[in-house]
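Q: Hi, I'm new to this one and would like a quick tour. Could you put it up on the screen first?

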Amino acid sequence: MTSTSSPLPSHTLADEKRVTSRLVAALQHEQDLLSGNGDADKIPEIITDKANIVAEMAALADQRHKLLAAAGFTASENGMQSWVGQFGSVEDKQIWEDLFALAQSARELNRLNGLLIGKQMAINQNALNILQGRTNGTFYGPDGQSNLRTSGRPLGIG
């Protein structure tokens, strides 16, 4: 099923692991910035870095999928799992395991970062509402009544 004259589906695994490690590092850096540990102005730079890394990951995965298809396997992660099980070296199997673990870490970091972004957006929206004089009753006193008094006019308007 495999040919020694063409690259094996495992040909890209070490590169995929390296690039996925870069993504995990970028997501961790993003999380630090979102948590207030650093210069939040660097977030757009991280977003650009992540997009470039993901594009590189996609290109490597596409190359691996083409090699899998040429070897008669399904062009997917399941196909790679089958190929590694049948033909992969001990090193291939370890790199594939490491790559899978890194991908899981990246997914979880991305999920957590999304929650942090959502939380920050809610905080920003509440602050904007206060500045615009729209509190929607979010500040309550012990009697259950709103204790924030506003003029009903947005800040800075006459």
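Predicted model: local features only at pLDDT ≥ 70, side-chain atom pairs only at ≥ 80, totals over all residues.

Q: Okay, how many aromatic pairs does a search of the whole structure find?
A: Two aromatic pairs turn up. In one of them, the rings of Phe-73 and Phe-87 have centres 6.0 Å apart and planes at 90°, so this pair is edge-to-face. Phe-73 sits in the loop between H2 and helix H3 (77-87), while Phe-87 is in helix H3, so the pair ties together parts 14 residues apart in sequence.

Q: And how are Trp-83 and Phe-87 arranged?
A: Trp-83 and Phe-87 form a tilted pair, 6.2 Å centre to centre with 40° between the planes. Both lie in helix H3, four residues apart, which is about one turn of the helix.

Q: Let's zoom out. What does the secondary structure come to?
A: The protein chain has four helices and zero strands, giving the pattern α-α-α-α along the sequence. Helices (H or I, at least four residues) and strands (E, at least two) are DSSP runs, numbered from the N terminus. Of the 158 residues in the protein chain, 28% are buried.

Q: What about pockets? How big is the largest pocket?
A: Its volume is about 350 Å³. A pocket here is an open set of points on a 1 Å grid over the protein atoms alone, where a 1.4 Å probe fits, with protein on both sides within 12 Å along at least five of seven lines; lining residues have an atom within 4 Å of a point. The volume is the space filled by probe spheres set on the points, which are joined across faces, edges and corners.

Q: Which residues lie nearest its centre?
A: Those are Met-57, Glu-77, Leu-99, Ala-103 and Arg-107, out of 14 lining residues. Helix H1 (13-34), helix H2 (43-70) and helix H4 (90-131) each give two or more residues to the lining, and H4 gives the most, with six.

Q: Changing topic: where is Asn-113, and what does it touch?
A: Asn-113 is in helix H4 and is buried, with a relative accessible area of 1%. Not counting residues up to four places away in sequence, Asn-113 touches Leu-27, Glu-30, Gln-31 and Leu-34; contact means heavy atoms within 4.5 Å.

Q: And what is Leu-67 in contact with?
A: Leaving aside neighbours within four places in sequence, Leu-67 contacts Pro-7, Leu-8, Pro-9 and His-11. Leu-67 is found in helix H2 and counts as buried at 15% relative accessibility.

Definitions and conventions. Residues numbered from 1 in each chain as written. Heavy atoms only, no water. Phe/Tyr/Trp six-rings, centres within 6.5 Å; stacked < 30°, edge-to-face > 60°. Buried < 20%, exposed > 50% of the residue type's maximum accessible area, 1.4 Å probe, protein only.
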